[in-house]
Amino acid sequence: MRPIPADLARAQQEWSATYRQLAVQPGRTELRRHLYRLSAQLFFHPYWRQRRPSAAEWWQLRALGRRSDRDVS
């Protein structure tokens, strides 16, 4: 697997944090909009231009997003 770029990992971490906030405060329009923008940013990131991600790559990215206390650089 190719290494995941730091900006993509940070976007996934932000997505995970926003998702958790939305779970605590459902119905918050600004959080849903932010989550939607982050989803588009993740899905259409230039890293995926050469080929679409495999299930393993998505899984790896999601695992990085769950580790919000770890610095990804």
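This is a predicted model: local features need pLDDT of at least 70, side-chain atom pairs count only at pLDDT 80 or more; totals for chains, interfaces and linings use all residues.
Residues are numbered from 1 along each chain as its sequence is written, and side-chain values use heavy atoms, with hydrogens and water left out.

Helix α1 has 19 residues and spans 27 Å from its first C-alpha to its last, close to the expected 27 Å at 1.5 Å a residue, the expected span being 1.5 Å times one less than the number of residues in the helix. Its buried residues are Leu8, Ala9, Ala11, Gln12, Gln13, Trp15, Ser16, Thr18 and Leu22.

Gln12, which is placed in helix α1, counts as buried because its relative accessibility is 2%. When residues up to four places away in sequence are not counted, Gln12 touches Leu42, Leu61, Arg62 and Gly65.

Ser16 also belongs to helix α1, and with a relative accessibility of 6% it counts as buried. Under the rule that residues up to four places away in sequence are not counted, Ser16 touches Gly65 and Arg66.

Helix α2 runs over residues 29-43, which makes 15 residues, and reaches 21 Å from its first C-alpha to its last, close to the 21 Å expected at 1.5 Å a residue. Leu31, Leu35, Leu38 and Leu42 are the buried residues of α2. Seen down the axis of α2, these buried residues fall within an arc of 65°, so they line one face of the helix; the arc is that of the directions from the helix axis to the C-beta atoms. The face of α2 turned away from the buried side carries Arg33, Tyr36 and Arg37, which are exposed, whereas the cover over the buried residues of α2 includes α1 (6-24) and α3 (55-66).

Leu31, a residue of helix α2, counts as buried at 9% relative accessibility. Leaving aside neighbours within four places in sequence, Leu31 is in contact with Thr18, Gln21, Leu22 and Gln25. Leu31 and Tyr19 lie 12 residues apart in sequence, and their C-alpha atoms are 8.0 Å apart in space.

## The largest nonpolar core

A nonpolar core is taken here as a set of buried Ala, Val, Leu, Ile, Met, Phe, Trp, Tyr and Cys residues joined through side-chain atoms within 4.5 Å. The largest such core has 14 residues, of which Ile4, Leu8, Trp15, Leu42, Tyr47, Trp48 and Leu61 touch the most other members. Each of α1, α2 and α3 supplies at least two residues of this core, and the largest share, five residues, comes from α1. Leaving aside neighbours within four places in sequence, Leu61 is in contact with Ile4, Leu8, Ala9, Gln12, Leu42 and Trp48.

## The salt bridge

A search of the whole structure finds one salt bridge, defined as a side-chain nitrogen of Lys or Arg within 4 Å of a carboxyl oxygen of Asp or Glu. The side chains that meet in this salt bridge are those of Glu30 and Arg28, at 2.2 Å from N to O. Glu30 counts as partly exposed at 42% relative accessibility, and Arg28 is partly exposed with a relative accessible area of 34%.

Key:
Buried means under 20% relative accessible area, exposed over 50%, partly exposed in between (1.4 Å probe, protein chains only). Helices (H or I, at least four residues) and strands (E, at least two) are DSSP runs, numbered from the N terminus. Contact means heavy atoms within 4.5 Å.
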